[in-house]
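Visitor: I would like to learn how to read a model like this one, feature by feature. Could you take me through it?

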Amino acid sequence: LKMPARRFSTSSVGAAHRAESSSSDEDRSVHSAGICQTPPDVASPRKEEASSGDASGSLLERCSGKQPLESLEQLPGGATSAAAAGREAENSEEEGVFEIRDFTTVSNFERLAHRITLSVKKWSNALKQGSQLLRDEFEHANFRYELVFQLAQQETEAFAQAGALPERLGLHLYSSRAHRLQRWFGVQHFLILGVRGQNIDLDSARTVLGALVLAARNVQLPSEQPLSCFVPVDGGRRRRYLGELVAGGRRMLYTTDWSEAVRPDLEHLEGLSDFFWKKMSVDPAEHGQGLMIAARFTYLADAFDHLPGPESEGRPKARTEACVSDVNAPTNGAALDRDETDPVSYLQLHCVWPSFPCGSFTDNALYSELEPRAAPFWKLRVFRTDSEPPLLRTLRLRNLLKFRDDAQSVRSAAHSVLPHMHKTTLASLSHVVQESLESAMLPSLTEMRELAEQCLSKPIAAAPLSPSEFLKLGPVRGGLCGTRLTTFAQLVCRMQCFKGLVMLWCQLLAHMRLQWDTLDPPSPDSPSPSTHTLPARGVRTEFFDSSNCLVQQKLEMLQRSIEATCFCQVTRQAAAVPVGLCLHDGGEIVAPALLHPSLMTEDMATQLDLAAASIPEPAERAELDGRELRSDVAAFKAVNKSASLSDFLLWRAESEGLSQQPFPEAWLSRVWNEVPAQAAAEQMRTLFQPEREAEMALHYLENIDGTQLLLQTFRVLLRDTLQEMHLVVRRTASTHLRMLLDRAISAVLAAFERTHQSTCQAGAANAEECDADAAALEEAEDFPCESTLQSALAAIEAFEAAEHLAASLRAKLPGKGVSLVDELLLDGEASVTTAELRNIVEILFARSRVLAQRQGREPLDGKNPFESLPLSKEFVLLLQPSANADCGVKRIYSEVREQHLRLAISRSWDIT
């Protein structure tokens with residue numbers, strides 16, 4: 001039995017796509033522009049026919065295994081070359097035999113489509129779970145494919161609120177972050193498939209696109225909108241794409257073209273309209289009323305005045321209002337150069353006409369009714385410089401972190417600056433070389449003396465801030481602004497080595513020890529360090545602020561010791577007795593003078609708590625605070641002769657606000673009966689011993705190891721940085737900066753809370769081994785882990801960059817223009833809605849053009865920005881099916897610039 005020979009295609013989608021797209025005029029024009037390097041697995045028919053004799057160069061053979069050379073005539077997209085078709089016809093006529101082909105072997109086209117289908121299914125499952133996977137990569141035939149997925153869900157809602165159809169999107173509805181394909185073709189959901197490091201020519205792009213379309217149709221996505229597919233052509237250097245959409249019985253083809261030469265007839269709307277009718281082969285008399293047009297003119301401002309600053313630097317003061325006189329204000333020679341501290345590279349203004357019927361406006365080479373000032377929508381966009389100006393706050397923090405390795409070798413701050421005695425000659429020589437290298441990075445003796453005097457001029461303690469100004473950062477445990485330790489941190493963060501930090505620290509300690517030895521009282525203007533009591537402890541012992549680091553608390557302890565010694569602060573008057581508080585016999589309670597309570601830093605309180613936790617007997621545990629309680633009992637008995645224990649406890653609870661829960665009743669009764677009456681001034685032993693506390697504070701400060709000194713200095717600088725950022729937010733009232741500040745605070749707290757928790761756990765584990773070392777708690781502390789620390793610094797850096805950008809925008813948009821700043825910071829663009837705001841923006845662009853003319857970059861033609869040519873003109877011409885005539889959706893996007901013309905063409909037809 002003889003039957004005519006038949007051959008079958010493995011895929012009709014790729015073949016149909018290649019045949020239909022190759023017949024379009026724009027595809028032929030794009031293909032004629034040049035053919036770039038092509039992946040072998042998607043080679044064009046002409047290339048495969050030319051190289052069919054070279055079996056080693058065929059990627060199809062490498063993927064399919066042992067395959068005869070004649071199978072190279074079959075392309076991945078299912079199309080056959082003309083030569084192969086001719087030979088097939090001859091064979092069928094001559095032989096006329098029945099041929100059986102093995103279709104069980106999977107082709108490259110099917111492998112590629114299957115791999116894309118897996119990625120799209122993964123996206124579909126991720127979207128159902130509420131997440132979005134925007135990029136995927138996979139290997140196929142020794143090439144790396146990149147698949148990008150775009151789902152513009154938020155913009156879909158915005159389009160629905162604007163009452164616009166998906167095919168009828170105005171240019172004003174796209175954000176500055178939208179993908180260019182959305183603006184070119186009006187698509188919202190799409191896939192882009194490319195090959196990393198390879199260029200795809202037009203013929204090969206059709207084959208790859210066929211596999212992409214086939215995979216997209218096999219997957220059901222949660223979104224109701226259809227999924228368009230795109231493949232970059234020629235490696236995307238000219239941002240040319242080939243795309244397709246098959247949905248609802250219709251097929252949409254997307255093509256792009258780009259030319260360096262701009263045709264004069266396509267620079268205006270009139271010529272573009274004529275080009276549209278000819279290109280789409282549509283009769284304007286029949287469909288002219290249905291053609292809708294959108295337009296957008298873009299203007300550029302890239303020359304600005306220098307940012308406001310001190311008048312000594314030759315910079316102008318910050319303006320509070322924008323006026324026309326600012327446009328032609330004089331500039332000096334330095335102002336004509338770019339301000340390197342300005343984070344704004346340039347600004348763009350989009351004047352948008354969202355949608356109007358064809359013929360509503362006249363726009364040709366001689367006259368145009370598209371007046372930018374009358375455009376319905378104005379949108380201002382800001383673009384930052386590629387190289388951000390130095391962010392000083394973040395730079396200082398990172399500089400301190402560079403000293404961590406050097407700090408680990410310093411066991412004691414005071415001993416590290418003493419001369420070392422080396423045992424070997426080699427060690428001595430190495431030390432000399434290291435000293436010579438460090439001397440080049442250290443400040444001179446005069447500079448070091450000036451730095452020390454600058455620190456000593458600041459008080460140890462600062463006046464407390466108001467609740468609105470104070471920023472609560474408990475785990476950070478730094479210091480207050482304006483104090484001596486904060487000034488020290490601000491100075492040493494600029495040094496080039498850790499030894500300079502230690503040398504300055506030792507100079508400060510030498511001055512403070514001299515002040516203690518000579519009992520030099522603090523300046524009258526210096527505030528005394530504040531303390532507070534903890535009523536739950538049941539004693540009057542006062543504690544320093546635990547939100548400050550331990551070094552700050554020790555400095556405050558030293559100052560309080562000097563004050564107590566110089567001013568003979570031994571006793572103090574007790575709090576006033578509340579009205580109606582009487583003795584048990586009806587007599588009046590007299591408030592006694594009490595000894596000055598003891599002062600404790602955080603490490604002392606921790607040691608006391610650890611000691612109390614190790615004593616199981618309540619009476620023995622109460623003896624830890626027995627000195628103060630016995631002193632108060634004696635003073636109370638001295639002025640209240642007929643008082644009883646209940647009267648003492650009542651006065652202590654009501655007047656002093658102290659709890660009696662820590663003390664057993666039997667122990668209190670025994671103390672009350674044993675202690676005789678004696679006034680506080682007559683008691684020999686004081687509760688607060690300034691000599692002992694001052695020496696202990698100096699001992700800790702002089703013998704602190706390098707890591708702890710650096711860590712606490714870093715904490716102080718970090719808290720000071722966050723406090724400055726908080727004041728910036730209060731001054732500017734910026735909601736965006738407030739959000740960035742909250743993120744920075746959360747990141748910092750997350751980093752140091754973990755360190756604080758691990759420290760507390762280590763201290764509890766070593767409770768039984770507690771000793772009298774003042775640094776018992778601090779020795780367990782260390783820097784946070786690197787990842788959390790870098791996250792905190794990145795959050796601070798983001799705030800500082802936004803702060804610089806906000807300051808620059810406020811200088812450029814004074815007065816009511818500051819209302820645009822937050823929107824520009826958040827989205828990179830802002831809508832200019834009022835006439836007053838439009839006037840401010842126009843003055844800004846006019847001033848920029850004047851500066852550009854003085855720099856020689858713009859001609860001196862006497863035109864304002866809107867009278868000169870814009871940076872670009874963009875038009876969208878859209879023809880949709882109507883009730884009278886169904887011609888399919890036809891759309892042309894045109895971008896006209898001085899040196900190039902871009903066209904993006906979309907057209908659909910019915911395939912049912």
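Guide: Gladly. Let us begin with exposure: a residue counts as exposed when its relative accessible area is over 50%, as buried when that area is under 20%, and as partly exposed in between. Please keep in mind that this is a predicted model. C568 has a relative accessible area of 61%, so C568 is exposed.

Visitor: Where is C568 found?

Guide: C568 sits in the loop between α19 and β12 (571–573). Its backbone is worth a look too: the phi of C568 is near 50°, a positive value in a residue other than glycine.

Visitor: Which other residue has a positive phi although it is not a glycine?

Guide: S281 is one, with a phi of about 55°. S281 belongs to the loop between α10 (269–280) and α11 (284–287). With a relative accessible area of 67%, S281 is exposed.

Visitor: How should I describe the protein as a whole?

Guide: Start with its secondary structure, which comes to 30 helices and 18 strands. Then turn to burial: of the 912 residues in the protein, 49% are buried. The protein exposes about 44000 Å², and carbon and sulfur atoms supply 52% of that area.

Visitor: What share of the contacts between residues at least 6 apart in sequence join residues at least 24 apart?

Guide: The share is 76%. For L869 and Y299, 570 residues apart along the chain, the C-alpha separation is 8.4 Å.

Visitor: Is L401 buried or exposed?

Guide: L401 is buried, with a relative accessible area of 6%. L401 lies in helix α12 (residues 392–401). Once residues up to four places away in sequence are set aside, L401 touches F714, F783, L789 and L793.

Visitor: And is L869 buried or exposed?

Guide: L869 counts as exposed, at 76% relative accessibility. L869 is placed in the loop between α30 (835–854) and β16 (872–879).

Visitor: How do I read the packing of two helices?

Guide: Take the angle between their directions first; an angle over 145 degrees counts as roughly antiparallel. Helix α19 (residues 550–566) and helix α25 (residues 690–702) pack at an angle of about 150°, and their axes are 9 Å apart. These two helices, α19 and α25, are therefore roughly antiparallel to each other. The crossing of α19 and α25 is left-handed.

Visitor: Which residues in α19 and α25 meet?

Guide: From α19 they are L550, V551, K554, L555, M557, L558, S561, A564 and T565, and from α25 they are P690, E691, E693, A694, A697, L698, Y700 and L701. By class, this contact of α19 with α25 has 12 nonpolar, 2 polar and 3 charged residues. There is a general idea behind reading such lists: an α-helix has 3.6 residues a turn, so residues three or four places apart point the same way.

Visitor: How many residues of helix α17 are buried?

Guide: In helix α17 (residues 484–492), 8 of the 9 residues are buried, and the helix is mostly covered. The buried residues of α17 are R484, L485, T486, T487, F488, A489, L491 and V492. They pack against α12, α16 (445–456), α18 (498–517), α19 and α26 (706–732).

Visitor: At what angle do α16 and α17 pack?

Guide: They pack at an angle of about 150°, with axes 8 Å apart. Helices α16 and α17 are therefore roughly antiparallel to each other. L451, Q454, C455 and L456 of α16 make the contact with R484, T487, F488 and L491 of α17. The residues in this contact of α16 with α17 divide into 5 nonpolar, 2 polar and 1 charged.

Terms used
Residues are numbered from 1 along each chain as its sequence is written. This is a predicted model: local features need pLDDT of at least 70, side-chain atom pairs count only at pLDDT 80 or more; totals for chains, interfaces and linings use all residues. Side-chain values use heavy atoms; hydrogens and water are left out. Axes are lines fitted to C-alpha atoms, for helices over the stretch in contact, and angles run from 0 to 180 degrees between N-to-C directions. Helices (H or I, at least four residues) and strands (E, at least two) are DSSP runs, numbered from the N terminus. Angles under 35 degrees count as roughly parallel, over 145 as roughly antiparallel, 65 to 115 as roughly perpendicular and the rest as oblique. A crossing is left-handed if the near helix is turned anticlockwise from the far one by less than a right angle, and right-handed if clockwise. Contact means heavy atoms within 4.5 Å. Ala, Val, Leu, Ile, Met, Phe, Trp, Tyr, Cys and Pro count as nonpolar, Asp, Glu, Lys and Arg as charged, and the others, Gly among them, as polar. Buried means under 20% relative accessible area, exposed over 50%, partly exposed in between (1.4 Å probe, protein chains only). Accessible areas come from the Shrake-Rupley method with a 1.4 Å probe; for residues, only the protein chains shown count as cover.
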